[in-house]
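Hi,

Here is the structure I promised to pass on. Have a look at it first, and then read on for what turned up in it.

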Amino acid sequence: MGPAPLDKAFAALSDPVRRAIVARLSRGPATLGELAAPFAITLQAVSKHISVLEDAGLVWRTREAQRRPVHLDAAALARLTSWIDRYRLEAEAAYRRLDAVIAASRIETTGTATSSATKEKES
């Protein structure tokens with residue numbers, strides 16, 4: 001996933017209403033009316049939010065007679081998660097290296113203090 005699709009997807013998810021719509025769609029397809037129910041905004045506003053999500057490739061619509069359910073594109077979310085995980089794993093590896101350095105430093109400091117105390121007792 002290149003920068004342009006990522007930018008569109010993250011921009012689309014920057015809005016709390018759109019995140020709530022994605023959360024609702026994670027439970028299954030829903031119509032515009034069903035998606036609009038929890039919000040104190042117009043159907044037109046919800047439709048615009050859905051269009052932004054659709055343009056970002058996060059949702060798609062089908063036609064079932066008079067109904068036009070909106071579906072979540074799980075593969076698009078998986079691509080976003082994969083992109084995030086790559087950097088999360090790199091950060092975790094860096095933290096593990098830092099933890100190892102700190103642990104080695106503590107062992108070295110503790111070993112030096114112990115050996116100094118032992119030498120003083122021997123004198």
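Predicted model: local features only at pLDDT ≥ 70, side-chain atom pairs only at ≥ 80, totals over all residues.

Asp85 and Arg88 join their side chains in a salt bridge, with 3.2 Å from N to O. Arg88 has another partner in Glu92, and here the closest N and O atoms are 2.8 Å apart. Glu92 and Arg88 also both belong to helix H5, 4 residues apart, again about one turn. Taken together, Asp85, Arg88 and Glu92 form a linked network of salt bridges.

How accessible are the members of this network? Asp85 has a relative accessibility of 27% and so counts as partly exposed. Arg88 is partly exposed as well, at 37%, and Glu92 falls into that class at 31%.

The whole structure holds 4 salt bridges. One of them pairs Lys8 with Asp55, whose closest N and O atoms are 3.3 Å apart. That pair ties together distant parts of the chain, since Lys8 is in helix H1 (residues 3-12) and Asp55 is in helix H4, 47 residues apart. Lys8 is partly exposed, with a relative accessible area of 42%. Asp55, with 53%, is exposed, because the cut-off for exposed is over 50%.

Now back to H5, which spans residues 74-122. Which residues make the nonpolar surface patch? They are Phe10, Trp83, Ile84 and Tyr87, and the patch covers about 350 Å². H5 is the main contributor, giving 3 residues to the patch. Trp83 is located in helix H5, and its relative accessible area of 32% makes Trp83 partly exposed.

Next, a helix pair. Helix H2 (residues 16-25) and helix H4 (residues 43-55) have axes that come within 10 Å of each other and cross at roughly 75°. Angles from 65 to 115 degrees count as roughly perpendicular, and therefore H2 and H4 are described as roughly perpendicular to each other. On the H2 side, the contact is made by Val17, Arg18, Ile21 and Val22. On the H4 side, the residues are Val46, His49, Ile50, Val52 and Leu53.

His49 is part of helix H4 and counts as buried, with 14% relative accessibility. Setting aside neighbours within four places in sequence, the residues in contact with His49 are Asp15, Val17, Arg18, Ile21 and Ile41. Of these, Val17, Arg18 and Ile21 are among the H2 residues that make the helix contact.

Where is Ala65? Ala65 is in the loop that runs between strand E1 (59-61) and strand E2 (70-72). The phi angle of Ala65 is near 60°, which is a positive value in a residue other than glycine. At 64% relative accessibility, Ala65 counts as exposed.

Finally, the chain as a whole. There are 5 helices and 2 strands, and along the sequence they follow the pattern α-α-α-α-β-β-α. The chain has 123 residues, of which 24% are buried. If you take the contacts between residues at least 6 apart in sequence, 45% of them join residues at least 24 apart. The chain exposes about 8,500 Å², and 59% of that is supplied by carbon and sulfur atoms.

Best wishes

Note on methods: Residues numbered from 1 in each chain as written. Heavy atoms only, no water. Patch = residues over 30% accessible without salt bridge, like charges linked within 9 Å, V, L, I, M, F, W, Y side chains within 5 Å. Areas by Shrake-Rupley, 256 points an atom, 1.4 Å probe, with all protein chains shown as cover. Buried < 20%, exposed > 50% of the residue type's maximum accessible area, 1.4 Å probe, protein only. Axes fitted to C-alpha atoms, helices over the stretch in contact; angles between N-to-C directions. Parallel < 35°, antiparallel > 145°, perpendicular 65-115°, else oblique. Contact = heavy atoms within 4.5 Å.
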